[in-house]
Amino acid sequence: MTLTTPSPAAPHRPPHRPKHRWLVAIVVVLLIAIPAGYLVLSAHQSRSSGEDKARAASGRALVFEWPSKVQRRIYDVPIPGGSAYVGHYETNAWERSRLYVEFRCSPRQLAAFLEELGTDMSGLRAGSVPIGQEAADVIGWRFDDPSREFAGTVVKQSPDEPEVAVAVDLTREERPRVYVLSTSEF
């Protein structure tokens with residue numbers, strides 16, 4: 001009888017798996033490339049948005065469009081619907097923020113605007129321009145033309161609310177031009 005010695009066992013190998021390169025490519029695209037592309041696009045849009053805001057903030061003139069609803073609410077400037085030639089400019093600082101607004105409206109719209117501010121047409125003082133020359137110079141308003149008829153008032157509210165100075169050019173009574181300077185102190 002012959003004894004056979006068992007041969008040493010071959011090392012155990014995992015079963016052969018074919019390489020699925022296409023699966024790896026799909027995983028890379030889904031997990032890496034798409035989020036990276038999204039981040040690049042998002043960064044580009046954010047940069048463009050910042051440049052637009054910087055361009056708007058660097059100007060020292062009225063932007064002839066309606067201020068946002070948030071700005072109108074914060075600064076308490078209820079521009080009447082149907083007003084024309086609406087322009088605004090905003091300045092911000094640590095101690096004070098200001099919203100300059102200009103628009104044309106009808107006498108009835110002017111009365112509604114003043115009422116919503118908490119005053120009325122009788123609150124306008126003839127010949128009075130409550131917006132100081134230094135503030136007016138910021139955006140180029142001129143109130144020293146002798147051929148123009150101005151009236152104005154200041155609406156002071158609670159300490160937490162802005163002070164609203166209103167000057168109205170009544171030269172064309174059928175379409176008065178309203179100048180508003182709303183100031184929030186911090």
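Both Tyr-89 and Tyr-100 are buried. In this predicted model, the two residues also form an aromatic pair: their ring centres lie 6.0 Å apart and their planes meet at 50°, so the pair is classed as tilted. Tyr-89 belongs to strand S1 (residues 84-92) and Tyr-100 to strand S2 (residues 96-104), so the contact ties together parts that are 11 residues apart in sequence.

**Aromatic pairs**

The structure holds 8 aromatic pairs. Another of them joins Phe-143 and Tyr-179, whose arrangement is edge-to-face, with 5.1 Å from centre to centre and 90° between the planes. Phe-143 sits in the loop between helix H4 (133-137) and strand S4 (150-155), whereas Tyr-179 is part of strand S6 (residues 177-185), so this pair ties together parts that are 36 residues apart in sequence. Phe-143 has a relative accessibility of 11% and therefore counts as buried. Tyr-179 is likewise buried, with a relative accessible area of 9%. One aromatic cluster is formed by Tyr-89, Tyr-100, Trp-141, Phe-143, Phe-150 and Tyr-179.

**Overall composition and confidence**

The protein has 4 helices and 6 strands. Read from the N terminus, its elements follow the order α-α-β-β-α-β-α-β-β-β. The mean pLDDT of the protein is 86, and 84% of its residues reach 70 or more. Among the elements, helix H1 (residues 21-58) has the lowest mean pLDDT, at 76, while S5 has the highest, at 97.

Of the 186 residues, 31% count as buried. The accessible surface of the protein comes to about 13,100 Å², and 57% of that area belongs to carbon and sulfur atoms. Among contacts between residues at least 6 apart in sequence, 54% join residues at least 24 apart.

**The sheet**

The 6 strands form an open sheet in the order S1-S2-S6-S5-S4-S3, with antiparallel pairing. S1 and strand S3 (125-126) stand at the edges and have a single partner strand each, so one side of each is left without a neighbour in the sheet. S1 and S2 form a hairpin with 3 residues between them.

| Strand pair | Sense | Bridges |
|---|---|---|
| S1 and S2 | antiparallel | 7 bridges |
| S2 and S6 | antiparallel | 9 bridges |
| S5 (residues 163-169) and S6 | antiparallel | 7 bridges |

Asn-92 has Ser-97 in S2 as its bridge partner, and His-88 is partnered by Val-101 in S2. Val-101 in turn has Val-180 in S6 as a bridge partner. Leu-99 stands opposite Ser-182 in S6, and Ala-165 stands opposite Leu-181 in S6.

In a regular strand, side chains alternate between the two faces of the sheet. Burial can also be described for whole strands. In S2, 7 of the 9 residues are buried, so this strand is largely enclosed by the rest of the structure. S6 is mostly covered, with 7 of its 9 residues buried.

Which strand contains Thr-153? Thr-153 lies in strand S4. A residue counts as buried under 20% relative accessible area, and Thr-153 has 6%, so Thr-153 is buried. The side chain of Thr-153 reaches the backbone oxygen of Gly-123 at 3.3 Å. Leaving aside residues up to four places away in sequence, Thr-153 touches Thr-119, Gly-123, Leu-124, Pro-130, Val-164, Ala-165 and Val-166.

Conventions
Residues are numbered from 1 along each chain as its sequence is written. This is a predicted model: local features need pLDDT of at least 70, side-chain atom pairs count only at pLDDT 80 or more; totals for chains, interfaces and linings use all residues. Side-chain values use heavy atoms; hydrogens and water are left out. Rings of Phe, Tyr and Trp (its six-membered ring) pair if their centres lie within 6.5 Å; planes under 30 degrees apart count as stacked, over 60 as edge-to-face and the rest as tilted. Helices (H or I, at least four residues) and strands (E, at least two) are DSSP runs, numbered from the N terminus. Buried means under 20% relative accessible area, exposed over 50%, partly exposed in between (1.4 Å probe, protein chains only). Two strands pair if DSSP finds at least two bridges between them. pLDDT is the predictor's confidence in each residue, from 0 to 100. Contact means heavy atoms within 4.5 Å. Accessible areas come from the Shrake-Rupley method with a 1.4 Å probe; for residues, only the protein chains shown count as cover. A polar contact is a pair of N or O atoms within 3.5 Å; within protein, one must be able to donate a hydrogen and the other to accept it, and residues adjacent in sequence count only if both atoms are side-chain atoms.
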